[in-house]
Amino acid sequence: MKNFLIRTRGRRRLHWTDWLSYLYLLMGLLLMFAPVLWLVLSSFKSEAAISEFPPTLLPYTQKMVKLTGEAFDGKPHPVFTVKGADGKPREMVELRRMGIIATMVDPAQPGQELKINIKERKPVREVSIATGNYTELFGKFNFLQNLNNSVFITVMATAITLLFNSMAAFALSKYRFTGQKAVLLLIVATLMIPPTIILVPAFLIVSGVGLFNSLWGVIWPAVATPTGVFLLRQYMLTIPDELIEAARMDNASEWRIYWKIVLPLSAPALAVLAIFSVMWRWNDFLWPLLVLSKPENFTLQLALNSFQGELTTEWHYLLAMTVITLVPVTLVFAFLQKYIATGIASAGVK
């Protein structure tokens with residue numbers, strides 16, 4: 001890995017193609033990870049820091065200090081930089097403000113108050129991590145219940161998707177029957193149909209069978225995916241038919257052949273479909289929004305939407321909640337991404 005990263009075309013110095021390659025890779029890195037970095041850092045900003053213009057990358061906030069003494073209220077006061085009589089800047093604390101005149105005091109000499117024009121001062125800023133954006137979320141909504149709903153929908157939908165799609169792929173790859181190609185063509189053709197077109201009929205069916213406001217109403221309509229059927233079928237075509245014929249000669253049932261032979265050999269393609277399914281179900285928003293109306297049935301994505309009101313939006317909570325919802329699917333993709341490349345290459349190329 002080290003030799004791959006540091007290898008260059010030039011022998012003693014970098015070739016112009018090396019500079020161009022590194023520049024291209026750096027631009028790609030910035031385009032992909034700069035928004036994510038901005039999101040994570042902004043999730044630790046206070047509500048006032050998010051509204052500041054021009055925006056800053058780090059979570060800066062106004063420096064506050066408490067003045068002790070009988071003449072002070074013990075509350076934190078903002079700190080500003082003011083030029084002294086000698087022209088050197090010094091930090092002073094604002095006690096109160098009347099119009100454009102601020103009453104300020106030196107923390108070292110709290111007994112001497114000065115009247116300063118607000119244009120002659122600059123706020124002292126310091127990095128402050130607003131961890132309350134995350135801890136206060138648990139008081140805003142039932143986080144554990146929404147997390148449990150998302151996990152339940154994702155796990156059950158993924159398991160059923162793997163079962164149904166693998167059974168369909170097994171039939172289309174290892175059986176010969178009239179209309180086989182037509183069935184496969186029909187399944188693949190559904191990829192050209194936008195999902196929004198079938199929202200209304202799918203909603204009517206879910207409501208008709210009594211699954212409205214049920215987590216199963218979110219799970220069942222999406223368990224059969226043409227992408228999964230096509231991916232698994234292409235991979236199962238690479239499994240030798242001789243293995244299946246040998247199993248049949250040993251009086252193995254079709255279900256046993258499917259469960260004991262085909263599924264274990266299709267593990268790479270199943271892993272790819274499982275990763276895709278987890279990302280699809282976890283990030284799904286539109287369909288749960290239509291089916292679920294009770295807050296106790298909300299997924300994390302619907303709970304995230306609740307922070308955006310008609311008149312005001314609590315951006316600091318919204319950003320923190322976005323980071324939380326991104327963590328699980330990011331970890332799944334980070335640790336299992338090698339299976340995606342291997343499975344797609346095996347299924348698609350062959």
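In the predicted model, residue N251 is placed in the loop between α11 (241-249) and α12. This asparagine is exposed, with a relative accessible area of 71%. Although N251 is not a glycine, its phi is positive, at about 65 degrees.

N213 belongs to the loop between α8 (199-208) and α9 (215-219). In contrast to the exposed N251, N213 is buried, and its relative accessible area is 17%; this value falls in the buried class because the class comprises residues under 20%. When neighbours within four places in sequence are left aside, the contacts of N213 are V291, L292, S293, K294 and N297. For S293, the backbone nitrogen is located 2.7 Å from a polar atom of the N213 side chain.

Two packed helices are described by the angle between their axes and the distance between the axes. Helix α12 (residues 254-265) packs with helix α13 (residues 267-283) at an angle of about 70 degrees, and the two axes are 5 Å apart. Angles of 65 to 115 degrees count as roughly perpendicular, and α12 and α13 are therefore roughly perpendicular to each other. On the α12 side, the contact is formed by L263, P264 and L265, and on the α13 side by A267, P268 and L270. Classified by residue type, this contact of α12 with α13 contains six nonpolar residues and no polar or charged ones.

Helix α6 (residues 143-174) also packs with α12, at an angle of about 105 degrees and with the axes 12 Å apart. The helices α6 and α12 are therefore roughly perpendicular to each other as well. Helix α6 contributes L163, S166, M167 and F170 to the contact, while α12 contributes E254, W255, I257, Y258, V262 and L263. The residues of the contact between α6 and α12 comprise eight nonpolar, one polar and one charged. Residue L263 of α12 takes part in the contact with α13 and in the contact with α6.

A further site was examined at Y134, a residue of helix α4 (residues 132-135). Y134 is buried, with a relative accessible area of 16%. Excluding residues up to four places away in sequence, Y134 touches S43, F44, A320, V323 and I324. Of these partners, S43 is joined to Y134 by a polar contact of 2.7 Å between the two side chains. F44 lies 90 residues from Y134 along the chain, yet the C-alpha atoms of the two residues are separated by 8.4 Å.

For the protein as a whole, the secondary structure amounts to 16 helices and eight strands. The protein has 350 residues, of which 35% count as buried; Y134 and N213 are among the buried residues. Of the contacts between residues at least 6 apart in sequence, 62% join residues at least 24 apart. The protein exposes about 22,400 Å², and 66% of this area is supplied by carbon and sulfur atoms.

Note on methods:
Residues numbered from 1 in each chain as written. Predicted model: local features only at pLDDT ≥ 70, side-chain atom pairs only at ≥ 80, totals over all residues. Heavy atoms only, no water. Axes fitted to C-alpha atoms, helices over the stretch in contact; angles between N-to-C directions. Helix = DSSP H or I, 4+ residues; strand = E, 2+ residues; numbered from the N terminus. Parallel < 35°, antiparallel > 145°, perpendicular 65-115°, else oblique. Contact = heavy atoms within 4.5 Å. Nonpolar A, V, L, I, M, F, W, Y, C, P; charged D, E, K, R; others polar. Buried < 20%, exposed > 50% of the residue type's maximum accessible area, 1.4 Å probe, protein only. Polar contact = N/O pair within 3.5 Å; in protein donor to acceptor, adjacent residues only side chain to side chain. Areas by Shrake-Rupley, 256 points an atom, 1.4 Å probe, with all protein chains shown as cover.
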